[in-house]
Amino acid sequence: MLVSAKEMLNKAKEGKYAVGQFNINNLEWTKAILQTAQELNSPVILGVSEGAGKYMCGYTTVVGMVSAMINELGITVPVALHLDHGSYEAAKKCIEAGFSSIMFDGSHYPIEENIEKTKELVDICNKKGISLEAEVGAIGGEEDGVIGGGEVADPNECKMIADLGVTMLAAGIGNIHGKYPANWQGLSFDTLAAIQELTGTMPLVLHGGTGIPADMIKKAISLGVSKINVNTECQLSFAAATRKYIEAGKDLEGKGFDPRKLLADGTAAIKETVKEKMELFGSVNKA
């Protein structure tokens, strides 16, 4: 059964650990993440970008696939199905499709419009028991066509959005999507501390978890980050393992590549990546 992310994130905030959001792109990724969460007794959030939703035949298909896999695999840890960086329109579609959590990324709007749209979605989500993530200050880099300039959020604007009653808040603090460049200046912990002071018990979200050093991750958690998103690292590990399989010429004695075996090494690599992140975030045995 899918659940809202609210309870798991409130527990994470209080316990000073973070729940991992791992984006899914197909059945194999979903299975690997769910199995790892169950093995580690960790709550987990499955992220779905708008592009991934389209690739997997629409949001209703995604809800059906994930719900069925939770049942068939005997998953008992809390699982939230979350729209990642959703537009206003996509957020409404995912609510209708049965997602248990959504993100409305209004960071590219003027703050007044971000507030207006977020407030409307807060009302809808509260009625349906769905968790809602909002964003202030665009996250740098590009993810699935969503481009952010790496802005550092205004703590006062963060408080304005938090006061609307959202479940969690993503704020730009120098983090970016994708691989971090060699000249990256690191996270702005002064900004994060100021946001934490103004938003209090509100769980904070760190996007772009791939490539951030472990010490920075732990410090961010100590300053109120309760949810950390990981996508690129899974993509890289999956691609590398799958490429090795192909390069090894494992074509089943001339019978052609079996897609189930072709994807097996990549799936195993994702499980290892998810395990490493859950251990780093401190969510193991927190279900």
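Is Phe99 buried or exposed? Phe99 is buried, at a relative accessible area of 2%; here buried means under 20%, exposed over 50% and partly exposed in between, with a 1.4 Å probe and protein chains only.

A quick word on the ground rules. This is a predicted model, where local features need pLDDT of at least 70 and side-chain atom pairs count only at pLDDT 80 or more, while totals for chains, interfaces and linings use all residues. Residues are numbered from 1 along each chain as its sequence is written, and side-chain values use heavy atoms, with hydrogens and water left out.

**The cores**

Back to Phe99: together with Leu81, it touches the most other members of the largest nonpolar core, which has 74 residues. A nonpolar core is a set of buried Ala, Val, Leu, Ile, Met, Phe, Trp, Tyr and Cys residues joined through side-chain atoms within 4.5 Å. Helix α4 (residues 59-72) supplies the largest share of this core, seven residues. Helices (H or I, at least four residues) and strands (E, at least two) are DSSP runs, numbered from the N terminus. There's also a second, separate core of 12 residues, with Leu9, Tyr17, Ala80 and Met103 among them.

Skip the neighbours within four places in sequence, and Phe99 is in contact (heavy atoms within 4.5 Å) with a list of residues including Val48, Tyr59, Leu81, Cys94 and Ile130.

**Rings**

The structure has four aromatic pairs. Rings of Phe, Tyr and Trp (its six-membered ring) pair if their centres lie within 6.5 Å; planes under 30 degrees apart are stacked, over 60 edge-to-face and the rest tilted. Two of the pairs look like this:

| Pair | Centre to centre | Angle between planes | Type |
|---|---|---|---|
| Tyr59 and Phe99 | 5.7 Å | 90° | edge-to-face |
| Tyr88 and Phe104 | 6.2 Å | 75° | edge-to-face |

Tyr59 sits in helix α4 and Phe99 in the loop between α5 (88-97) and β4 (101-104), so their pair ties together parts 40 residues apart in sequence. Tyr59 counts as buried too, at 12% relative accessibility.
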